[in-house]
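Biologist: I would like to go through this structure with you, one topic at a time. Could you look at it with me?

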Amino acid sequence: MENTLIKWDLDLIKRYDLSGPRYTSYPTAVQFDPQLSPADLVETGQTSADLTAPLSLYVHIPFCEHVCYYCACNKVITRNRKKAQPYLDTVYREMEKLAGWYSHNRPVTQLHWGGGTPTFISHEQMIELMGQMRKHFNLLDDDSGDYSIEIDPREASLETIQVLRDIGFNRISLGLQDIDPKVQEAVNRVQSVEQTAAILEEARRLGFRSLNLDLIYGLPYQTLEGFNATLDKVIEMNPDRLSVFNYAHLPDRFRPQRHIQEDTLPSPETKLAILESTINKLLQAGYVYIGMDHFAKPDDELAVAQRTGNLHRNFQGYTTHAECDLVAMGVSAISQIGSVYYQNEHEMSAYSAAVETNQHAIKRGVKLTRDDIIRRHVITQLICHFELDKAPVESLFGIDFDSYFADARQELAAFAEDGLVKMDENSIQVSPSGRLLIRRICMAFDAYIPKDQSSQRFSRII
């Protein structure tokens, strides 16, 4: 199925644009239970993990010097760089414990530093952190892994990029959001195009093999014309991947968003027009629509993985590493080990105290049932590939697909009638106009969402 096929159907979008999960996991984090004992979660993870499979590592570095008003990440705003070392020392204690539980010398084929702003820490601390990861886990030395880091161009010099390359990174993701100075000022993130372009250029020169840019639509003062100008400049910068996120204005949940005046936000109609224009412009520029918010060049590994049926999705978004357990470290980080997901303490003081006492900071989690694993498989297939053959699911899990998913049949029939999917007795195909609403389609297979209503605990789909 040709993955550039996508059709804009405003009527369908308006009818189905409810709130829904992003399905970076199934069950979603809403199902994580603080009553489950950490020891039980770890034991289940250890016994259900495939010790012959590779690992993915994540480290959360929460510090930012300045607050971006749109941000919904778990962060600590501070100009005091001295706060980083005690935190890193705590992460090293946790890392030692996790390595004992899960490493077994398994090769680390994927690694990511997220935040916050990972480049908040000094070059010496970056070298030290990667050194600790090499000490405790089996990192690859041949540059074949996907080792990525999120970068704020305001917090990184050309020397930083050299240091990152030297210690083993080969992918970077840059936050750009919008190049319009008025929009940047309204969200307290003023960064010049030159800053961003210089980092990209240096990363290319040093042999980073995948460069991603993040954009956000729905920010204050954005217009169709203004965002089109941003896209033109971005296409000129020629990143390998693009993430174009929908800004969800939830000031009750995220305090920094209270700085944003609601009457400065673009109307729902303008947001939809920006999204439609974005999709068209990026497809015309030769990018492939991967799904949800992601675009990639046809020769990028994500696009190749989608074409060959090997794309996967986890807490870090779309990935080519379906076989990895994800071991996550740091405040609020989420791990996926075998048939277990769990999340660390969300508050910095609680995280540090927990590691001090227990050498881990597990706060809540979920043990996947057989039903969870079956539904996760179906949702992953649909959200990554926009199609599903029933026979492989039936043989993999020993079920009759139609009777097992009888609860989804009514919704699927309605989707088919409206043209979101095409179904026959052997398969489900998401139509070009259904691709933008893939989250809504996946919700039909979600046993935790009441069938008669969308959940207000999630962001809107578009």
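Biologist: Where is the place of G116?

Modeller: G116 sits in the loop between β4 and α4 (123–136). Helices (H or I, at least four residues) and strands (E, at least two) are DSSP runs, numbered from the N terminus. The model is predicted: local features need pLDDT of at least 70, side-chain atom pairs count only at pLDDT 80 or more, and totals for chains, interfaces and linings use all residues. Residues are numbered from 1 along each chain as its sequence is written, and side-chain values use heavy atoms, with hydrogens and water left out.

Biologist: What kind of peptide bond joins G115 and G116?

Modeller: The bond between G115 and G116 is cis, with omega about 20 degrees. A cis peptide bond also joins Y26 and P27, where omega is about -5 degrees. P27 is placed in the loop between α1 (10–16) and α2 (38–48).

Biologist: Back to β4. Is V108, in that strand, buried or exposed?

Modeller: V108, a residue of strand β4 (residues 107–115), is buried at 0% relative accessibility. Buried means under 20% relative accessible area, exposed over 50% and partly exposed in between, with a 1.4 Å probe and protein chains only.

Biologist: And which residues is V108 in contact with, leaving aside neighbours within four places in sequence?

Modeller: They are L55, L57, F137, N138, L139, L140 and Y147; contact means heavy atoms within 4.5 Å. As for F63, 45 residues from V108 along the chain, the C-alpha atoms of the two are separated by 25 Å.

Biologist: Let us change topic to the whole protein. How many helices and strands does it have?

Modeller: The secondary structure comes to 16 helices and 20 strands. The radius of gyration is 22 Å, close to the 23 Å from the globule rule for 462 residues, so the protein is as compact as a globular protein of that length. That radius is taken over C-alpha atoms, and the rule is 2.2 Å times the number of residues to the power 0.38. Along the principal axes, the C-alpha atoms fill a box of roughly 60 × 55 × 45 Å.

Biologist: What percentage of the residues is buried?

Modeller: Buried residues make up 58% of the 462. Of the contacts with a separation of 6 or more, 74% are between residues 24 or more positions apart. The accessible surface comes to about 19200 Å², and 48% of it belongs to carbon and sulfur atoms; these areas come from the Shrake-Rupley method with a 1.4 Å probe, and for residues only the protein chains shown count as cover.

Biologist: How far apart are the mean positions of the positive and negative charges?

Modeller: The mean positions of the 47 positive and 63 negative charges are 3 Å apart. Lys and Arg count as positive and Asp and Glu as negative, while His and the chain ends are not counted. Each charge is placed at NZ of Lys, CZ of Arg, CG of Asp or CD of Glu.

Biologist: Now the helices. What span should α3 have?

Modeller: Helix α3 (residues 84–102) has 19 residues and should span 27 Å at 1.5 Å a residue; its end C-alpha atoms are 26 Å apart, which agrees. The expected span is 1.5 Å times one less than the number of residues. Buried residues of α3 include Y87, L88, V91, M95, L98 and W101. Just after α3, H104 takes a positive phi of about 45 degrees.

Biologist: What about α12, and which residue just after it has a positive phi?

Modeller: F386 does, with a phi of about 60 degrees. The 16 residues of α12 (residues 370–385) should span 22 Å, and the end C-alpha atoms are 23 Å apart, which agrees. Among the buried residues of α12 are D372, R375, R376 and H385.

Biologist: Where is M292, and what is its phi?

Modeller: M292 lies in the loop between β10 (288–291) and β11 (294–296). Its phi is positive, about 55 degrees, although M292 is not a glycine. M292 is buried, with a relative accessible area of 11%.

Biologist: Lastly, which strand holds S427?

Modeller: S427 lies in strand β20 (residues 427–430) and is buried, at 8% relative accessible area. Leaving aside neighbours within four places in sequence, S427 is in contact with L388, D389, K390 and K422. Q429 is also found in β20, but is partly exposed at 26% relative accessibility.
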